[in-house]
Amino acid sequence: MLKQTTRRTLAPLSLALALATGGLALSSPALANPAAQPAAATAAPQGSALAAPAPLLQSADLKALLGQPGVRVLDIRADKDYATGHIPGAINTPYGKYRGPKENAGQLPSEAALTQLLQAAGVDRDTHVVVVHAGTDHTDFGAAARVYWTLKVGGLTRLSILDGGTKAWKAAGGALETSVPQVSPSQFSYRYDQEQIVTSEELAAALQSGSTPLLVDARPPRFFSGEARVDAAARYGTLPGAKSFDNAQFFPKDSATLKPASELKALVALSGADAAPAVSFCNTGHWAATNWFVMSEIAGNKAVKLYPASVVEWSQAERPMQNQPSRVTALVQDIKRAFDK
């Protein structure tokens with residue numbers, strides 16, 4: 001649970017140093033498809049002779065991988081959607097299994113729960129996991145990115161996302177099946193790498209000392225400006241000093257697939273997160289995961305980290321917020337939100 005991470009109260013200098021150095025010597029995966037060129041040289045994970053695969057796959061890339069040993073496709077749609085048809089060989093691990101409680105879905109599930117989930121799916125440390133979402137819209141990509149991030153901070157290094165998910169797979173003529181494959185459970189043990197996880201306590205300490213890294217708010221502008229909030233957030237507004245960068249900018253209008261790599265990298269440079277240490281956040285670490293994925297895995301800035309509990313947790317404590325409206329304005333906005341439901 002998140003409690004595991006919030007117990008630690010690291011000095012702000014530690015956070016700054018960790019961000020500046022990338023925290024860990026993570027591999028720099030390359031891209032395999034023409035639309036997304038390699039961000040950096042491919043590296044083998046520590047203790048393994050296997051090279052890291054491309055973080056983003058197209059349907060043709062996945063077709064070539066199906067049936068190969070050591071490849072596991074994880075379908076993260078709801079079980080009822082999985083049952084109607086899924087990519088051959090895919091195992092269903094619904095997105096909700098990677099999320100926290102209703103009070104804040106951004107909180108981290110327990111290591112025991114993730115261990116059980118991944119063992120049942122036959123995922124081991126060297127497995128090449130391909131995460132497949134529904135692909136209904138750009139927001140849905142955040143689910144795949146959050147799962148990718150969760151697997152990465154749990155020690156897996158051979159990870160990819162199918163760009164466009166199941167929808168793109170079907171559009172490319174990919175077959176679906178309804179039979180549930182039988183796989184042998186693995187012995188994988190999930191452990192959070194705390195150095196890759198930004199906590200509220202770390203950010204609060206960094207703010208207090210004036211050593212805050214670049215804070216990137218991945219939400220639509222109305223959230224950033226304090227005009228909108230989700231129910232679980234206690235207050236409107238954003239983190240002090242944050243910069244708005246709506247994750248939707250990484251997708252063509254009305255598209256569920258990412259823009260070409262060259263455009264993604266240009267956008268990351270525009271955000272200021274192409275080289276500087278940065279922290280990506282949103283409401284519950286969903287949209288923020290998309291920004292983290294593009295900035296870290298596509299653009300190659302390993303000094304970008306994710307704040308999984310994000311504004312929902314931040315706003316529930318007595319911490320400073322920027323763009324917070326007056327009490328009267330907040331009350332009016334709350335009434336409007338209630339009528340809009």
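**Strand β8 and its surroundings**

In this predicted model, strand β6 (residues 214-217) runs parallel to β8, and four bridges join the pair. Aspartate 217 is the residue that stands opposite phenylalanine 281 in β8.

Strand β8 also pairs with strand β9 (residues 304-306). This pairing is again in the parallel sense, over three bridges. Here serine 280 of the pairing stands opposite leucine 306 in β9. Between these two strands the chain passes through helix α11: the path goes from β8 through α11 to β9.

Now look at the side chains of β8, which covers residues 278-281. In a regular strand, side chains alternate between the two faces of the sheet. Ala278 and Ser280 point one way from β8, and Val279 and Phe281 point the other way. Are these residues buried or exposed? All of them are buried.

Helix α11 spans residues 287-298, and helix α10 spans residues 261-271. Their axes come within 10 Å and cross at roughly 105°. An angle from 65 to 115 degrees counts as roughly perpendicular, so α10 is roughly perpendicular to α11.

Which residues make the contact between α10 and α11? From α10 come Ala261, Leu264, Lys265, Val268 and Ser271. They meet Val294, Met295 and Ile298 in α11. By class, this contact has six nonpolar residues, one polar and one charged. Lys265 counts as charged and Ser271 as polar.

Notes: Residues are numbered from 1 along each chain as its sequence is written. This is a predicted model: local features need pLDDT of at least 70, side-chain atom pairs count only at pLDDT 80 or more; totals for chains, interfaces and linings use all residues. Side-chain values use heavy atoms; hydrogens and water are left out. Axes are lines fitted to C-alpha atoms, for helices over the stretch in contact, and angles run from 0 to 180 degrees between N-to-C directions. Angles under 35 degrees count as roughly parallel, over 145 as roughly antiparallel, 65 to 115 as roughly perpendicular and the rest as oblique. Contact means heavy atoms within 4.5 Å. Buried means under 20% relative accessible area, exposed over 50%, partly exposed in between (1.4 Å probe, protein chains only). Two strands pair if DSSP finds at least two bridges between them. A crossover is right-handed if, with the strands pointing away from the viewer, the path from the first strand over the helix to the second runs clockwise.
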